[in-house]
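Welcome! Here is a short briefing for anyone meeting this structure for the first time. Take a look at the sequence and the model, then read on.

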Amino acid sequence: MSIIELMSGNDAVVKAAIIAGCRFYAGYPITPSSEIAEGMAKELPKVGGKFIQMEDEIGGIGAAIGASLTGVKSMTATSGPGFSLKQEHIGFAIMGEIPIVIVNAMRGGPSTGMPTYPSQGDVMQARWGTHGDHQIIAFVPSSVQETFEFTIKAFNYSEMYRTPVILLTDEIIAHMREKVVINEVEKYKIIDRMKPSEKPEGYKPFDTKHGLVPPLAPYGEGYRFHITGLTHDQTGFPTTNHEIVQKLQQRLQDKILKNFKNFEFYEERMVEDADIIVVAYGSVARSAMRAIKDARKDNIKVGLFRPITLWPFNYKRIKELSKKSKNFLAVEMNMGQIVGEVERAVKGVKTKVEFLGKANGELISPTEIFSKIREVMNV
Amino acid sequence: MRRAEIRLAGSGGQGIILAAKVIAEAAGIFSNYNVLQSQIYGAAARGELSKADVIIDEGDIYTLEISAADILLSLSQEAYDKYSKELKEDGKMIIDSFYVKNYDQLDKRIYPFPISELSKQLANSELFSNMISVGIITQMTKYFSEESILKSVEKNVPKNFVEMNIKAVKIGFEKVAEKYPNIC
């Protein structure tokens with residue numbers, strides 16, 4: 001039987017991570033993500049897992065990457081400044097194709113900013129924080145229930161595509177308590193990474209004969225192989241052979257983009273006849289839902305597009321919607337980040353893209369969104 | 001029921017956050033409403049102003065914050081001073097008359113109870129002010145049943161203290177019945 005619990009977003013991450021099979025956590029506590037570290041420290045030993053508080057955030061993600069290479073599902077969680085510190089290792093995990101889950105409970109920035117207040121200022125950092133060309137998967141839940149579900153999904157897609165997956169919450173989602181329906185553990189689809197079928201002697205960690213995602217052997221079971229941040233060939237040893245490097249870059253991109261339909265999550269409300277579509281995500285999307293309901297009562301034809309998969313960005317769906325609706329309104333708790341992606345998506349279409357944002361630590365209220373809708377629609 | 005917004009405020013250490021959690025579970029887990037519970041994080045150390053909010057609704061909750069409360073609990077003068085203006089026209093404010101001395105005597109929305117005194121009578125300590133308040137709120141609002149709140153208390157307080165906390169909640173019930181029989 002399923003159970004219902006009242007829990008915070010951070011509690012939900014912990015609960016879901018354990019169900020998803022996470023058995024290693026390393027990190028450095030930072031507000032507003034600290035309860036994740038606290039919860040993992042409490043829960044992991046009960047299921048035979050390990051928790052380590054490292055010397056800093058870099059150590060945290062480094063240890064998680066190392067643990068993952070031994071075949072153990074691993075996670076780290078942080079916020080703002082800690083997320084900055086983790087960027088280099090996120091790149092390493094992308095290049096080494098190492099599954100890990102990184103949670104970033106967004107708070108006001110830049111720098112130490114406002115530890116106890118929310119923001120959505122890290123959405124572009126999640127996309128481009130680490131250097132070099134790369135693809136990343138990032139989910140941005142709008143409720144505690146969704147935080148629970150997408151933590152499990154984050155582990156699943158991370159394992160499936162041998163890649164880091166980022167879960168972006170914010171101070172509001174992280175700390176507020178809501179009801180969460182939790183099913184029997186067996187009801188959840190849990191995906192584990194593909195292990196090699198060949199013997200250790202013939203194993204290559206980046207063997208392309210398996211398609212876009214090569215099987216990953218766990219260290220410690222007799223498979224000896226090399227992982228590096230340098231560009232490498234199928235054996236994992238460094239190469240600068242331009243042809244091989246280009247193929248590697250292409251495959252790293254393709255394994256995410258060509259599989260996008262498998263993890264393309266979004267919610268739409270009343271977009272069919274909309275003259276204006278609000279694009280909002282995370283906690284702000286909750287305010288947007290109230291605003292569009294209120295606006296509909298005043299006969300303003302407004303809809304909502306809420307990306308849950310924030311990266312890769314769903315340019316295709318926005319483009320399709322732009323053929324129906326004359327206006328978009330991007331609302332986010334920052335000074336304008338995802339609005340740029342919306343503009344990119346509607347390029348060549350006569351659709352206007354408007355923006356409402358603030359970065360002062362206050363949640364954007366339904367009233368503010370409603371007023372902006374009125375202003376844009378001139379009613 | 002329509003959306004109800006409850007704000008509990010007092011000093012850090014008075015058990016405001018536990019009270020909010022008990023109310024939220026009474027409504028959300030033991031009465032099947034949607035609930036959202038949040039609180040101020042950060043500087044709220046022992047003795048400083050502490051606040052926790054509970055939103056209860058039959059439908060989905062989209063507005064995540066309270067702008068004006070239906071029910072406001074003020075366990076300290078500072079809490080009263082800061083939040084009394086954010087009470088709805090038809091809202092109710094419950095104050096601990098021992099700590100909140102300075103309040104608008106003519107405001108019909110204010111219901112004073114000697115909460116911390118009652119706690120001292122019960123256990124020679126103010127530790128149970130929060131649960132007495134929970135009992136008062138339950139009885140004044142009828143958002144959820146007495147049974148729901150008692151189950152929630154049982155679930156949320158340490159085992160050794162369940163009996164005392166339940167006694168405290170029941171004192172809350174009784175005081176409302178005594179003082180404002182027309183509400184019950």
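This is a predicted model: local features need pLDDT of at least 70, side-chain atom pairs count only at pLDDT 80 or more; totals for chains, interfaces and linings use all residues.

**Confidence**
- Chain A has a mean pLDDT of 97, and 100% of its residues reach 70 or more.
- Within chain A, confidence is lowest in strand S6 (residues 114-118), where the mean is 92.
- The highest confidence in chain A belongs to strand S7 (residues 137-139), at 99.

**Domains**
- You can follow chain A through domain 1 (3-187), domain 2 (200-260) and domain 3 (267-377).
- Between the C-alpha centres of domain 1 of chain A and domain 2 of chain A, the distance is 25 Å.
- Where these two domains meet, 14 residues of domain 1 of chain A and 14 residues of domain 2 of chain A take part in the contact.
- On the side of domain 1 of chain A that touches domain 2 of chain A, helix H4 (residues 80-96) of chain A gives the most, with 4 residues.
- That side of domain 1 of chain A is made up of 6 nonpolar, 6 polar and 2 charged residues.

**A pair of strands**
- Strand S14 (residues 327-332) of chain A pairs with strand S15 (residues 352-357) of chain A in the parallel sense, over 6 bridges.
- To find your place in this pairing, look for A:Val331, which stands opposite A:Leu356 in S15(A).
- On the way from S14(A) to S15(A), the chain passes through helix H11 (residues 338-345) of chain A, forming a right-handed β-α-β crossover.

Conventions:
Residues are numbered from 1 along each chain as its sequence is written. Chains are lettered from A and ligands numbered from 1 in the order in which they are written. Domain bounds come from an automatic or database domain assignment. Two residues are in contact if their C-beta atoms, placed from the backbone, lie within 7 Å. Helices (H or I, at least four residues) and strands (E, at least two) are DSSP runs, numbered from the N terminus. Ala, Val, Leu, Ile, Met, Phe, Trp, Tyr, Cys and Pro count as nonpolar, Asp, Glu, Lys and Arg as charged, and the others, Gly among them, as polar. pLDDT is the predictor's confidence in each residue, from 0 to 100. Two strands pair if DSSP finds at least two bridges between them. A crossover is right-handed if, with the strands pointing away from the viewer, the path from the first strand over the helix to the second runs clockwise.
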